[in-house]
Amino acid sequence: MKILLPFVAALFLSNCGVAYHSSSVSPGISSSGSKVRVIPLTAESVLVANRSAYSPKQLPDAFFASAGAPGGLRVPNAAVEPAYRPETRPGHVATRLPPTPAKTPYRIGIADTLLLATPSASSSVEQLTGLLAAQNRRQGYSVQDDGSISIPDVGRVLVAGKSLEEAESAVFNSLVEAGINPAFSLEISEFNSQRVSVGGAVNNPTVVPLSLSPLRLNQAVNAAGGFSLNDLDYASIRIYRDGTLYQIPVKEYYSKGSLQNTLLVDGDSVFVDTEFDLDKATLYFEQQIKLTEFRQSARNTALSELAQETASRRAELGERRSNFENRVALDAVERDYAYVLGEVGRQSRFPLPFGHKATLADALYSEATGYNNRTGDPRHIYILRSSNDPAEFSGMTAWNLDARNAANFVLATRLELRPNDVVFIAEQPVTKWNRVLTQLQPSIVTSTAAAAVN
């Protein structure tokens with residue numbers, strides 16, 4: 001009987017609340033005057049809980065900026081095929097044809113001369129002083145450096161880069177805007193902006209302008225007075241275009257009309273030579289090859305400067321990000337927290353993430369905190385949220401998740417946390433009893449030993 005007395009005393013003390021006190025959530029008015037309202041979590045009440053406005057704090061701009069990727073840049077390498085050939089008698093001169101250019105209308109360029117023809121002086125156009133044509137050999141208007149022509153009493157009209165039809169439309173609109181009868185015709189009297197050079201073994205090296213009609217290889221050769229060759233067997237026509245060297249054997253040129261009709265484009269250089277006299281071709285292309293190399297060098301320099309600038313920006317962004325992370329680690333950055341209490345892995349504050357909202361499930365299954373399902377009571381999982389209204393500072397809502405049905409954990413993935421929320425998990429009844437016994441165990445042992453002695 002004396003041995004049982006301590007256990008009876010333990011039960012009595014436990015029921016009286018003297019031996020052990022534990023936290024719980026009780027609706028109504030607490031001893032501190034707080035008004036607690038317990039609301040079960042349902043699909044509808046989750047919507048109500050999430051209705052409060054909240055904007056998560058954002059990461060600094062350094063985490064969204066990009067310094068670029070120099071390694072991803074692609075710069076075309078215009079490799080120039082060497083003009084030099086060994087002076088050995090080849091068995092065959094290879095044919096390498098340039099690609100056929102797309103058919104496009106002639107585009108007016110700087111230095112071209114346009115002829116503007118108008119009605120007789122008796123018409124209303126007579127008011128355009130000097131409009132009929134300049135009193136010189138050109139008889140027209142030269143396209144100036146800014147790409148325009150200057151028409152008296154009308155002004156400057158931009159024509160560079162336009163087809164003849166587009167240029168007529170531009171002149172027409174300008175005449176209408178100036179209040180002048182737009183009766184005129186427009187044509188190109190001199191083609192000076194687009195050219196093809198012809199040199200080497202020809203009778204009259206020259207520069208052939210491109211006009212409204214496409215320029216073909218035989219027309220360019222004829223404009224240079226034809227070939228001046230002693231040996232046709234190994235003579236070739238070389239065409240230098242956009243950093244690439246093409247060639248057509250002269251014998252094949254004579255035998256195939258399609259080769260004579262090869263289309264030339266602005267900037268082409270045509271050089272006629274033999275396999276045994278390449279010095280002239282080398283000298284002819286040397287200036288253009290050096291120009292290409294110079295442009296490539298300038299491009300490489302620009303890329304190097306860009307890479308250095310990108311590396312500097314990347315280092316700066318990395319330092320700013322690292323500084324921010326260090327400030328976060330030192331708790332020197334203002335941020336939002338919720339607090340996790342009760343039967344969890346570790347009672348602590350739960351930092352709300354940057355840039356997005358966290359949920360109750362994030363706090364319950366966080367590695368730092370975590371829900372202890374061995375000691376926690378799944379019936380009593382709460383989010384305690386106080387009112388932001390100064391008139392209701394004593395008001396508090398306890399959103400209760402009853403997780404005895406595991407399906408209700410889906411609600412935890414939808415309920416959003418707010419700053420200063422308190423996540424509380426009550427203890428199991430058996431956990432409470434076990435802790436009572438743990439605290440009373442030294443007293444029971446002492447009482448039992450004393451009773452045995454008596």
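Buried, in these notes, means under 20% relative accessible area, with exposed over 50% and partly exposed in between (1.4 Å probe, protein chains only).

**Setting up**

I'm working from a predicted model, where local features need pLDDT of at least 70, side-chain atom pairs count only at pLDDT 80 or more, and totals for chains, interfaces and linings use all residues. I number residues from 1 along each chain as its sequence is written, and side-chain values use heavy atoms, with hydrogens and water left out.

**Whole chain**

I looked up the secondary structure and got 10 helices and 19 strands. Those are DSSP runs numbered from the N terminus, with helices being H or I of at least four residues and strands E of at least two. Of the 454 residues, 37% count as buried.

Then contacts, meaning heavy atoms within 4.5 Å. Taking those between residues at least 6 apart in sequence, 67% join residues at least 24 apart.

**Aromatic pairs**

I searched the whole structure and found eight aromatic pairs. My criterion: rings of Phe, Tyr and Trp (its six-membered ring) pair if their centres lie within 6.5 Å, and planes under 30 degrees apart are stacked, over 60 edge-to-face, the rest tilted.

Phe63 and Phe324 have ring centres 5.7 Å apart and planes at 75°, so I log them as edge-to-face. Phe63 is in the loop between helix 2 (43-49) and strand 3 (113-117) while Phe324 is in helix 7 (residues 278-329), so this pair ties together parts 261 residues apart in sequence. Phe63 is partly exposed at 26% relative accessibility, whereas Phe324 is buried at 10%. Ring pairs also bring in Phe354, giving a cluster of Phe63, Phe324 and Phe354.

Next I checked Tyr382 and Phe424. Their centres are 6.5 Å apart and their planes at 25°, so this pair is stacked. It links distant parts of the chain, with Tyr382 in strand 17 and Phe424 in strand 19 (residues 422-427), 42 residues apart. Buried or exposed, for Phe424? Phe424 is buried, because its relative accessible area is 9%. Tyr382 is buried too, at 5%.

One charge went into the notes as well: the charged end of Arg349 sits over the ring of Tyr337, 4.0 Å from its centre. That test wants NZ of Lys or CZ of Arg within 6 Å of the ring centre and within 35 degrees of the ring normal.

**Two arginines**

Arg385 is in strand 17 (residues 376-386) and is buried, with a relative accessible area of 12%. Where does its side chain go? It reaches the backbone oxygen of Ala49 at 2.8 Å and that of Glu416 at 3.1 Å. I count a polar contact as a pair of N or O atoms within 3.5 Å; within protein, one must be able to donate a hydrogen and the other to accept it, and residues adjacent in sequence count only if both atoms are side-chain atoms. Leaving aside neighbours within four places in sequence, Arg385 has contacts that include Trp399, Arg418 and Asp421.

That took me to Arg418, in the loop between helix 9 (409-412) and strand 19. Arg418 is buried at 5% relative accessibility. The backbone oxygen of Asn50 lies 3.0 Å from a polar atom of the Arg418 side chain. Outside four places in sequence, Arg418 touches residues including Ser52, Tyr337 and Arg385. Arg418 and Pro56 are 362 residues apart in sequence, and 9.2 Å apart C-alpha to C-alpha.

**Thr431**

Thr431 lies in helix 10 (residues 429-453) and is buried at 9%. Not counting residues up to four places away, Thr431 touches Arg374 and Thr375. The C-alpha atoms of Thr431 and Gly376, 55 residues apart along the chain, are separated by 8.2 Å.

**Nonpolar cores**

A core here is a set of buried Ala, Val, Leu, Ile, Met, Phe, Trp, Tyr and Cys residues joined through side-chain atoms within 4.5 Å. Of the 42 residues in the largest one, Leu114, Ile149, Val159, Leu217, Ile237, Leu264 and Val270 touch the most other members. Helix 3 (residues 164-177) gives the most to this core, with five residues. A second, separate core of 27 residues includes Leu41, Val46, Trp399 and Leu401.
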